[in-house]
Number of protein chains: 2
Amino acid sequence: MRIGELSRRTGVSVPTIKYYLREGLLPAGELTSPNQASYDETHERRLRLIRALLDVGGLSIAGIREVLAAIEDRERPVHKMLGAAADRVVPRYTEEPGEGVVVARKTVAELIARRGWSTSPEGPAAEALAVALAALTEVGHGGFAQVLDTYAEAAERVAKADLEYVAGNVEREELVEGVVVGTVLGDAMFAALRRLAHVDASRKVFGAGG
Amino acid sequence: MRIGELSRRTGVSVPTIKYYLREGLLPAGELTSPNQASYDETHERRLRLIRALLDVGGLSIAGIREVLAAIEDRERPVHKMLGAAADRVVPRYTEEPGEGVVVARKTVAELIARRGWSTSPEGPAAEALAVALAALTEVGHGGFAQVLDTYAEAAERVAKADLEYVAGNVEREELVEGVVVGTVLGDAMFAALRRLAHVDASRKVFGAGG
């Protein structure tokens, strides 16, 4: 199909598609004449993935480039590949961590040991958790960490359901894409569900008092 | 304290503090001379809140302004105030929703009815969930919605723990702040925990095969 048809099918404007082509997020089409290229379903699917990561996942163009690189690196074993892809969709903190983060890292390492999780207490996800815990303490809500084990248990259930979906429904080639999409869109989904459940819980606790 | 001391205590640079003052995110200090203002603990706390929402929560300056406005609106009853604050930290989608979103809204309304949640199927959180579900379908992972009830159950547990923390530990005046901080930082916390649990679950499923 031509670029106009690709635009019509995906709802992404032609200038935006050309921008993604220039940025290398979308592979070039097959040249059918010096000024015209032809695109297929793989382009359509890639374009929808870019939009989902951008609009719903809130990733930057640079972040999407990293995620796509992980999806395309077919040489690593599955387990390592999934880990690398997951690491790239975790926000990374470039600022020098404060004192609070040093304390929070210990809390995170203890949690990982307590849950018996076979995961490194030094990876980007553990660091992101330590940064969030330190930020809670900094704004005077350090006590919120009392919910940590409830959150961890909920995360275990959710992660198990995620992996069951991935193992049962996704072809090997699409495994990494499935994990990345599930990670980013799954976060968006869970965040929205948590808010819906908040409204219900809040009505029950505060509704009568007005 | 002077602006230099405020900067030293919070790790936020003086030019950045001045920027927040100009943008109205941080209330002006008390003038002690025509060119000098004095700041107190409320400024320090507000500054930490701004940095947490910005760095960990990933909110924009405009988003933070809305959240702070909700925190400061003391006239609304508690339950409505919490709802308004929560609504503002949900990403809102300004684009015209596609066909997929119309279908997904029905799925969301059915879920809300099935769980018996006393919450509107038309609020921003329900819309955010519909957008995430539609995006999953668009990128060819519509089947991922099979995890929806597992996610919803996990969200209920997490929301209950959140509200118990808020009801038990937070003063009435800080209630909204607690919910906003808990919502934004709680999302970051849960997302990090979900990734940690993924690594563990992934090792169990894919670890042996390599």
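**Strand pairing and helix packing in a predicted model**

In the predicted model described here, A:Ser33 has A:Gln36 as its bridge partner in β2(A). Strand β1 (residues 30-33) of chain A and strand β2 (residues 36-38) of chain A run antiparallel and are joined by 3 bridges; two strands pair if DSSP finds at least two bridges between them. The hairpin from β1(A) to β2(A) passes through 2 residues.

This is a predicted model, in which local features need pLDDT of at least 70 and side-chain atom pairs count only at pLDDT 80 or more, while totals for chains, interfaces and linings use all residues. Residues are numbered from 1 along each chain as its sequence is written, and chains are lettered from A and ligands numbered from 1 in the order in which they are written.

Chain A holds 9 helices and 2 strands, arranged from the N terminus as α-α-β-β-α-α-α-α-α-α-α. Here helices (H or I, at least four residues) and strands (E, at least two) are DSSP runs, numbered from the N terminus. Of the 210 residues in chain A, 46% are buried (20 or more other C-beta atoms within 10 Å of the residue's own, with C-beta atoms placed from the backbone). Among contacts in chain A between residues at least 6 apart in sequence, 58% link residues at least 24 apart; a contact requires C-beta atoms, placed from the backbone, within 7 Å.

Helix α6 (residues 99-115) and helix α7 (residues 124-138) of chain A pack with their axes 8 Å apart, at an angle of about 125 degrees. Axes are lines fitted to C-alpha atoms, for helices over the stretch in contact, and angles run from 0 to 180 degrees between N-to-C directions. α6(A) and α7(A) are therefore oblique to each other (angles under 35 degrees count as roughly parallel, over 145 as roughly antiparallel, 65 to 115 as roughly perpendicular and the rest as oblique). Residues making the contact include A:Val101, A:Ala104 and A:Val108 of α6(A), together with A:Leu129, A:Ala130 and A:Leu133 of α7(A).

Helix α7 of chain A also contains A:Ala135, which is buried, with 28 other C-beta atoms within 10 Å.

In chain B, the axes of helix α6 (residues 99-115) and helix α7 (residues 124-138) come within 8 Å and cross at roughly 125 degrees. That makes α6(B) oblique to α7(B). Among the residues that meet are B:Gly100 and B:Ile112 in α6(B) and B:Ala126 and B:Thr137 in α7(B).

Conventions:
A residue is buried if 20 or more other C-beta atoms lie within 10 Å of its own, exposed if 12 or fewer, and partly exposed in between; C-beta atoms are placed from the backbone. Two residues are in contact if their C-beta atoms, placed from the backbone, lie within 7 Å.
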